Amino acid sequence: MNDQFIQSVNEFLISTGYTKTDNMYEKSAQVNTPGRIMIINGNQMQEPGQIINIKYTIEDLGDGYVSNVD
């Protein structure tokens with residue numbers, strides 16, 4: 001069951017765009033922030049939006065367990 005769970009997590013991460021190297025999964029994305037408009041003393045100033053690069057990293061640290069302790 002453990003191998004089956006690991007395989008299903010592996011398939012899910014790869015299907016969502018992650019790439020696997022050794023025990024690391026990595027994915028890069030870009031997000032556009034909206035521009036801003038400020039009006040100071042009747043003068044309009046416009047600031048363009050920015051592109052932010054985001055890097056997602058997931059590392060497999062090995063075996064673990066989950067318990068439900070009440």
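This note sets out numbered points on the strands, the helix and the side-chain contacts of the structure above.

1. Basis of the note. The model is predicted, so local features are taken at pLDDT of at least 70 and side-chain atom pairs at pLDDT 80 or more, whereas totals for chains, interfaces and linings use all residues. Residues are numbered from 1 along each chain as its sequence is written, and side-chain values use heavy atoms, with hydrogens and water left out.

2. The three-stranded sheet. An open, antiparallel sheet is formed by three strands in the order S1-S2-S5. Helices (H or I, at least four residues) and strands (E, at least two) are DSSP runs, numbered from the N terminus; two strands pair if DSSP finds at least two bridges between them. S1 (19-21) and S5 are the edge strands, each with a single partner, so one side of each has no neighbour in the sheet. On average, neighbouring strands of this sheet are turned by 25° against each other, direction ignored. Axes here are lines fitted to C-alpha atoms, for helices over the stretch in contact, with angles from 0 to 180 degrees between N-to-C directions.

3. Pairing of S1 with S2. Three bridges join S1 and S2 in the antiparallel sense, and Thr19 stands opposite Glu26 in S2. The two strands form a hairpin with two residues between them. In that turn, Asp22 has a positive phi of about 55°.

4. Pairing of S2 with S5. S2 and S5 run antiparallel and are joined by nine bridges. Within this pairing, Asn32 stands opposite Ile51 in S5.

5. What links Lys55 to Glu26? The two residues form a salt bridge, with the closest N and O atoms 3.9 Å apart; the term denotes a side-chain nitrogen of Lys or Arg within 4 Å of a carboxyl oxygen of Asp or Glu. This pair links distant parts of the chain, Lys55 lying in strand S5 (residues 51-59) and Glu26 in strand S2 (residues 24-32), 29 residues apart. Lys55 is exposed at 57% relative accessibility, while Glu26 is partly exposed at 29%. Buried means under 20% relative accessible area, exposed over 50%, and partly exposed in between (1.4 Å probe, protein chains only).

6. The S3-S4 hairpin. S3 and S4 pair in the antiparallel sense over five bridges, and Ile40 stands opposite Asn43 in S4. Two residues lie between these strands in the hairpin, where Asn41 in the turn has a positive phi of about 50°. How many of the five residues of S3 are buried? The number is zero, so S3 lies largely in the open.

7. The side chains of Arg36 and Glu47 meet in a salt bridge at 3.8 Å, N to O. Arg36 belongs to strand S3 (residues 36-40) and Glu47 to strand S4 (residues 43-47); the pair is 11 residues apart and links distant parts of the chain. Arg36 is exposed at 55% relative accessibility, whereas Glu47 is partly exposed at 38%. The count of salt bridges comes to two.

8. Gln46 is found in strand S4 and is exposed, at 64% relative accessibility. Between Gln46 and Arg36 the C-alpha to C-alpha distance is 5.8 Å, with a separation of 10 residues in sequence.

9. The nonpolar patch. Phe5, Ile6 and Val9 make a nonpolar surface patch of about 270 Å². Phe5 is placed in helix H1 (residues 2-15) and is exposed at 54% relative accessibility. Patches are made of residues with over 30% relative accessible area and no salt bridge, like charges being joined within 9 Å and nonpolar side chains (Val, Leu, Ile, Met, Phe, Trp, Tyr) within 5 Å. Accessible areas come from the Shrake-Rupley method with a 1.4 Å probe; for residues, only the protein chains shown count as cover.
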